[in-house]
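Here is a short report on selected local features of one protein model. Have the sequence and the structure open while you read.

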Amino acid sequence: MDSIHIQGGVALQGKIRIQGSKNAALPVLAATLLTKETSYICNCPRIADVHRMVSLLKSLGCRVRWMESGVCVNAQNVCRGDMPVEAITGMRSSLCLLGALLGRCGEVVMEYPGGCVIGERPIDLHISALKQMGVDFCEEEGKLRAVTKGLHGADISLDFPSVGATENIILAAVAAEGDTRICGAAMEPEVTTLCEYLECCGAQIDGIGTKTIRIRGGRKLYGANYRVPSDRIVAGTYLFGCIGAGGSVLLESAPWEQMEAVLDIAKKMGGKCTRLREGIYVQAPVRPSPVAHLQTTPYPGFPTDLQSVALAVLTGACGESCVEETIFENRFRIVEPLRKMGADIRLADSKRAYVKGRQRLQGASVEAKELRGGAALVMAGLMAEGRTVVTGCSYINRGYENICRDLRELGARITSV
Ligand code: UD1
């Protein structure tokens, strides 16, 4: 799929099932390295980032098999932690293999991890925490080499609740000798998911879902069956897509309890969201209302991953909105293509965008530069008058199983070419 063609102006109607969560599945797959027994991870999304993680696990010696609705991993034969460049290029989440591989092999050699082009994304918090747990780092021919003679528990305080660093510390801590306490831990549901999987394997973790997590290290881990929860970001993408394009949709198995801040903004936009047994039912307003101040913050705040989709919707609101990004510095790359579609957006600085809503965007040819921004352009295409072509779709495939199929099921006139 190279490009997505959208004939805009069609209200969305119907229901779709929300796929398993990318950001939950990836660290759980990394965690399978910590046991020699087989784990079955079901509801694993079939997306490019998961396929890459699977090939990375295979290259490390894991036996991996796709089943009907998930993936079976056995890491019995893993003995070294060299990660091939081609498997990790562009995938930030390969970083969570750092903690798991240190726990399993005591040594890791890896390229500096990539990800979306949405900011600098340093790894200083990961490194300093793992150093406190007995890991030495050095740079070798442009690669990062981490080695430990034995991981030990530590009292770690994070200056910022980094999701990736929290996950890495947890992965190393379950394999370490002694207890680890993380103060200032990330509270994102994906951290909770990782802890729950590890508990199913036999780990003992207290304070799950809170700012202070305590891990008792050194317990033997077994294989486990685990179901990845639905993707709150994919659910949020379609929820905002409906508010922007109009109509009413049922998001089957959307995780209501993880989406409080998203539902709050949807309500401010005039959307009516109802919790049903099957998921979330969204009814769009005639035209979205502006949001005086939308700010991204760590969970339970509004997720940075949905900022660009919300921004796209607000270009069609009846009034002026302010969107403030506090997590990543490059998350306004979508502004340029949205302007090409006729949006009136003023960037006050790298953190704040002022959006004057107007009646309709105009279809245009635009290019996705990153995953969530790409999905946001597709939502803008649904809202726009005429035809929109979105290129750069490989970014979108990193996180959405099949965005065209999903939206077609809701009646959108959309095709991949
Ligand atoms: C982040 C998001 C997560 C999202 C994911 C994918 C937050 C808090 N995290 O997780 O919700 O699903 O991207 O887009 O919203 N940082 C450092 N040093 C470090 C690590 C991080 O300074 O060692 C900074 C980053 O530059 C960034 C912030 O901390 O400004 C958040 O980073 P982090 O939570 O680690 O990013 P991800 O784990 O990628």
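Pro-300 sits in the loop that links strand 17 (294-295) and helix 10. The model is predicted. The peptide bond leading from Tyr-299 into Pro-300 is cis, and its omega is near 15°.

Two other loop residues deserve a look. Asn-43 is not a glycine, yet its phi is positive, at about 60°. Its loop runs between strand 3 (38-42) and helix 2 (48-59). Ser-253 also has a positive phi, near 65°, and is a residue other than glycine. The loop holding Ser-253 lies between strand 14 (247-252) and helix 9 (260-268).

Are these two residues buried or exposed? Buried means under 20% relative accessible area. Asn-43 has 10% relative accessibility, so Asn-43 counts as buried. Ser-253 has a relative accessible area of 32%, so Ser-253 is partly exposed.

## Helices

Helix 10 covers residues 307-314. Eight of its eight residues are buried, so helix 10 is largely enclosed by the rest of the structure. The buried residues are Gln-307, Ser-308, Val-309, Ala-310, Leu-311, Ala-312, Val-313 and Leu-314.

Helix 1 (residues 22-31) and helix 4 (residues 96-105) meet elsewhere in the chain. Their axes come within 8 Å and cross at roughly 15°. Angles under 35 degrees count as roughly parallel, so helix 1 is roughly parallel to helix 4. The crossing of the two helices is right-handed. Helix 1 contributes Leu-26, Pro-27 and Ala-30 to the contact, and helix 4 contributes Cys-96, Leu-97 and Ala-100. By class, the contact residues of helix 1 and helix 4 are six nonpolar, no polar and no charged.

Helix 14 (residues 403-409) contains Asp-406. Is Asp-406 buried or exposed? At 5% relative accessibility, Asp-406 counts as buried. Leaving out residues up to four places away in sequence, Asp-406 touches Ile-16 and Tyr-238.

## Two open sheets

Strands of a sheet pair through backbone hydrogen bonds, either parallel or antiparallel. Two open sheets are set out below.

| Strand order | Strands in the sheet | Pairing |
|---|---|---|
| 9-10-12-11 | four strands | mixed |
| 21-22-1-23 | four strands | mixed |

Start with the sheet of order 9-10-12-11. Which strands stand at its edges? They are strand 9 (155-157) and strand 11 (204-206). Each has a single partner strand, so one side of each is left without a neighbour in the sheet. The twist from one strand to the next averages 15°. Strand 11 and strand 12 (residues 212-216) run antiparallel and are joined by three bridges. Gln-204 has Arg-216 of strand 12 as its bridge partner.

Now take the sheet of order 21-22-1-23. Strand 21 (365-367) and strand 23 (413-416) form the edges. On average, neighbouring strands here are turned by 20° against each other, direction ignored. Strand 1 (residues 3-7) pairs with strand 23 in the antiparallel sense, over four bridges. His-5 has Thr-415 of strand 23 as its bridge partner.

Definitions and conventions. Residues are numbered from 1 along each chain as its sequence is written. This is a predicted model: local features need pLDDT of at least 70, side-chain atom pairs count only at pLDDT 80 or more; totals for chains, interfaces and linings use all residues. Side-chain values use heavy atoms; hydrogens and water are left out. Axes are lines fitted to C-alpha atoms, for helices over the stretch in contact, and angles run from 0 to 180 degrees between N-to-C directions. Angles under 35 degrees count as roughly parallel, over 145 as roughly antiparallel, 65 to 115 as roughly perpendicular and the rest as oblique. A crossing is left-handed if the near helix is turned anticlockwise from the far one by less than a right angle, and right-handed if clockwise. Contact means heavy atoms within 4.5 Å. Ala, Val, Leu, Ile, Met, Phe, Trp, Tyr, Cys and Pro count as nonpolar, Asp, Glu, Lys and Arg as charged, and the others, Gly among them, as polar. Buried means under 20% relative accessible area, exposed over 50%, partly exposed in between (1.4 Å probe, protein chains only). Two strands pair if DSSP finds at least two bridges between them.
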